[in-house]
Amino acid sequence: MFLQTQGITKEFGKLRAVNQVSLDIRKGDIHAIIGPNGAGKSTYFNLITGYHQATSGKVLFKGEEITHLPAYRRCKHGITRSFQITSIFPKFTVYESVLMGLLSHRGVTLSFFSASKKFFKEEVYRILEDVGLADQADTLGDSISHGDKKRLELGITLGTEPELLLLDEPTCGMSPEETESTMIFIRKLVEEKGLTILFTEHDMSVVFGIAKRISVLHQGTLIADGKPDEVRANDEVQKIYLGGTA
Amino acid sequence: MKRIAVLITIVFVLSLLVVPMVMAQAKPTPAKEPAKAPAQAKPVAKPAAPKEPIKLGAIYCFAGPCYMYSESAINGIRIAADEINAKGGIMGRKLDVIVRDTEMKVDVGAREVKDLILREKVNFLEGPCSSGVGLAMQVVHSEYKVIRVTTMANTEGQVVDKFTPYIVQIVPNTYMEAKAATRYLHKKVPTAKKFATINPDYEFGRREFAAFKEEITKLVPDAEILYEAWPKPGEKDFTAFITAIMAKKPDAVHSSLFGGDLVAFTKQAAPYEFFKTPFIALYDLPVLLALGPDAPEGTFGFGRGCFFMDPNPKMLEFVDKYKKVRGAYPDSWAVQAYDGVYLLKAAVEKAKTSETEAVIKAMEGISIDSLRGRFTIRPLDHMGSVPCYQGTIAKDPAYPFKIWKDISRVPGDQVWRSEESVREVWKKTGVVR
Amino acid sequence: MSFDILFNQFMSGIARASLLFLVASGLSLTFGVLRVLNFAHGSLYMLGAFVTYSIWKGLLIPVVGFYIATFLAALVMGGIGIIIEFFLLRRLYARGWPEQLLVTYALVLIITDLVKLGWGGEFLSIPRPVPFKGAVSLFGFPFPSYNFFVILLGLALVIFLWWLVYRTRIGDIIRAAAHDREMVAALGIPIPWLFTWIFVLGAMIAGLSGGVAGPYGAIALGMDIEIIVECFAVVVIGGMGSLPGTLLGSFIVGQVYAFGIMFKPELALAFIFMVMAAVLIIRPWGIFGRPER
Amino acid sequence: MVIQKMEQNESMVKRGWWLILLLAGAIIAPHVISDFYLVILIEALIMSLFALSFNLLFGYMGQLSFGQAAFYGLGGYTVAMLITKVNFNFWLSLLAGVGVAGFVGLIVGFFCVRLRGIYFAVLTLAFGQLLFVIIYKWHDFTGGDDGIQGVFPPGILKIPIVYYYFVLLVFIASAFILWRIVNSPFGHTLKAMRENPERTEFLGIHIARYQLITFVIAAAFAGLAGALWVPFYRSVAPFYLMWIKSGEPVMAAILGGASTFFGPVLGMFIMTFIHAYILGFTHFWPIIMGTIILIIIFALPGGILEFAKVKLKERQERMKSAKGSP
């Protein structure tokens, strides 16, 4: 089993944000986690990436327990994420930002003397081409468009050559064309690189567009999990989501 | 980015080369006096012999508690220099005074001494105020073979432990001063057995304490020191120390607190009726002036010779001159700095040259009539047999501030360290003489 | 160690704590609300002491002269606070706090010299005002009545600041601004003017405590360097921007110093910084402070 | 791709050029300037090394430390005590100074790196003052308030010009090492942590560990600066560790431009020369220095070099748009 959460729970004081969620995510899947606001999607995400420590329950990655590992150690295992509010390096150039991911993943960040410019030039340019930012390699992070910033963050995470990529609302704030190209790009990542994608999204057309499996959270509990059409037909989901029968 | 970096570098390199060159050649205008000193009478333009002037580097500490003392010392030096120049200078050579500030910091002091020696080419030095800076400075000016007369920093370390031939001390050192003060305290309170002490925690305070301890055990064999308080210099809140001392109920208290620290201590101790216990500290003119009515009568003070401690005719004449120039009474710092200039004059005239080694030989054994009476420079360690003064604080109708009564003047040679014990210390500290 | 000796040392700790609280409360305002590491606060305290001395010497009104002088000095320092905040700090709120810190550092250099130029170097002293000249006997030990005056003044300031911060609309805004500056600005409250008033209030408190320090000890150059680091200790231990925190902080520092002097005099100062470091390590935002948002 | 490469080696030549000019200037300087200003030049070089080590934390790691003088002083004290008390070999005591400063930096850093921003600054201030008070009060071991005198370098190093070349050599070597570190993958990680600690952590970097390593490096180089200073002035005193001394590299970095590598060096040179120059005239140098700082902060935001960089970029944009180049 690729990634498994067993009865994972997270309490903030009395509020139980995530309640006993057990879920299996298969390798190579594009798995969407949806649910109305406050359903615990982000908290669930944070439990897997190590941003929060779980109150109880287990997280297993490739059979290994990573429940209490700090975020940077989980990244070494191949789990990385993008943030809802795009989180990039403002004063770094696009090139330097993607390079950072690679440096960390290839474990050279403790080399003190060789010039960082010499490292992984081809890999960085390949990633930049993948995310379509090759022409802006030398522009500063904070002076590119919002859509480009999203794709830059994607590029940065790809720098760590992850196996599991968690995307927090990847297309939020994107124009329809940008959303379309991001969806194609995600599909390409899975097919070419064998990545597994776990993402949350509000835009249902994106969810049903690319997701192979969908899980629905409501007030912290898992209420549905399966193929897109199974979930669409599930009346529980309809009740909480589409407000009774469509 | 590149072109601007180049521009910056060129400017930077140029400043590296040109600015100092310009500095080196252009004679900096003579150091401006501190803002308060009034304009001096223009010295009479006597056709001085073509010899160049003798330059005296007056290097004091214009920071923290030392600021005021340094100002007085500069005034003393200026009055002496103007008098000497009015009478044709030293052997016809005009006496130039260059003032520098150490900011009471060891490295700035050492650098300013280098500046005076290398750039201004001074023949002699006078100062500084703080003992720590004095010791550090001594290493530097001895290396450059320039004589320094110390009139304020009085740690015994200068003339004993770390003696170099390039030092002359005409302020009673910590050993002499504390010994004389202890004798006065003992004379006033012969029955006292249990003592407490409060000294500023640095070179000066530690040396005064050590000398007090040595002398009191000689005078009172079963004397006992119940509590040693070590406030940091510049301490402003002594309450905790006062209550800690009084808790021990000592018969008498010895202290080498001075200046702003002593003022704060006195005001905080008064309400605790601390001054019912016999107490001796450096109650000199500036402290008595600041305390005014708060100065505790009947308490003992020791000092180095301000006007009321030694009202001889030469001193009273100096008081009028000082009042005319400064509009105030001269304190011991002005008196000793003034004596320092005349000592240098006497030594240069005896040596017939301002060359260092000759002046050192002339200095050894020389005696002069100073504002504080006659004293001689001991050849062994260049220590002057300068008097130490003690007295009891009392009101005096003639002055708006309190001064001393039943003043005792202890000549230096009665209390300074004997030559044998100086040699003993030298064995330990490795001084070869 | 009999009880009354310990009690007396405790009271001397209280005396020191009350003066420290006076100075530190001003710093807690500027440091806590404006998040400005204000090194110049000590210099405003020193300047306040010298200004009080000059006004007191100028007026020479017998009994009440000292109190009027201190009050006027506080106003003068408020004026200086306006000048500093308006012309210097206000331009820097957009920029990082390191630049603000450097401006206050430059002010320390400037004010030290202004005092040297203005008052020369003598250490001055104001005699203790009439009703508080002597001492009051407490459990058989004399306790300087002036220390009571300082303690009373400290309490009065606590009540005033407590009323201002917790019982007035301005207080609510101050507390909100301490917590989340952008939010308050978003609500349309003219943040710049609020900050000016807070800085001015801090400067006035510094002036007042400077004036009060006159009779307590000596007024001399170097007062600023010596008190500012202890004030930082008080504010950090208590919790930045929290009034009860500053009160507790000054109590702790006062007592640590007093009993340090009694038992291990040479380490008394070190104890203060050890406590400061410990609090910062265990609970960075101080005992009563709140973690940054 | 190609254009990018070409631009790079052009800049190598350009940077190389002004470095050589700077080096030439530094080599001939002692024979041109007066003895006194040679002393100031040595001072400026040593303090620039101190400012560079400080800027590793402030400019590159993004954390302001207000206690670096403690390590600077410790380096100095180690050399002073080894030379005067046990007559230890001069070169080894320099290394010992660096070692002691680095080791104490490890202990202090362990606690400081878990804090950020103002808390980091205040904790370093607290530790700095703690070390100052310990050295100040430990009278029998460190000589207390008046410090230690008579710390002489061996043989010809006593001659200022020889000591100058020795300091110049050490400065160039250290600057080169720091430059390499800052441009190495480790330096890249450092800058990433400054830009966005959260993002960097999620790329697999243990923030506290990297900050601790940087803290130790900065402390070690500060110790080296102290170890170079003390033998030159033949003495050391406790106030070398005080917060006022810690403020000097902060001033230099912010004046010169903390976001550039050589900014703090330029800042420190300007401050040292102005301070020495003013002192020749009046002892009211603090008010002049304070005013200069205010002028630079308001007139040249971001420091001299940063301001120059920004101005240059604007001029380049204007030229590009004016020429209407593609």
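Predicted model: local features only at pLDDT ≥ 70, side-chain atom pairs only at ≥ 80, totals over all residues.
A crossover counts as right-handed if, with the strands pointing away from the viewer, the path from the first strand over the helix to the second runs clockwise. Residues are numbered from 1 along each chain as its sequence is written, while chains are lettered from A and ligands numbered from 1 in the order in which they are written.

Let's start with chain B. Here strand 3 (residues 124–126), helix 4 (residues 131–143) and strand 4 form a right-handed β-α-β unit; helices (H or I, at least four residues) and strands (E, at least two) are DSSP runs, numbered from the N terminus. Strands 3 and 4 of chain B run parallel, joined by 3 bridges, and pairing requires at least two bridges found by DSSP. Phe124(B) sits opposite Ile147(B) of strand 4.

On strand 4 of chain B (residues 147–150), what covers the two faces? Ile147(B) and Val149(B) lie on one side, Arg148(B) and Thr150(B) on the other, and all are buried (20 or more other C-beta atoms within 10 Å of the residue's own, with C-beta atoms placed from the backbone). In a regular strand the side chains alternate between the two faces of the sheet. Strand 4 of chain B is also joined by 3 bridges to strand 5 (residues 167–169), again parallel, where Ile167(B) is the bridge partner of Arg148(B).

Now over to chain D, with its 14 helices and 2 strands. Its C-alpha atoms fill a box of roughly 70 × 50 × 40 Å along the principal axes, and buried residues make up 58% of its 326 residues.

Technical notes. Buried ≥ 20, exposed ≤ 12 C-beta atoms within 10 Å, placed from the backbone.
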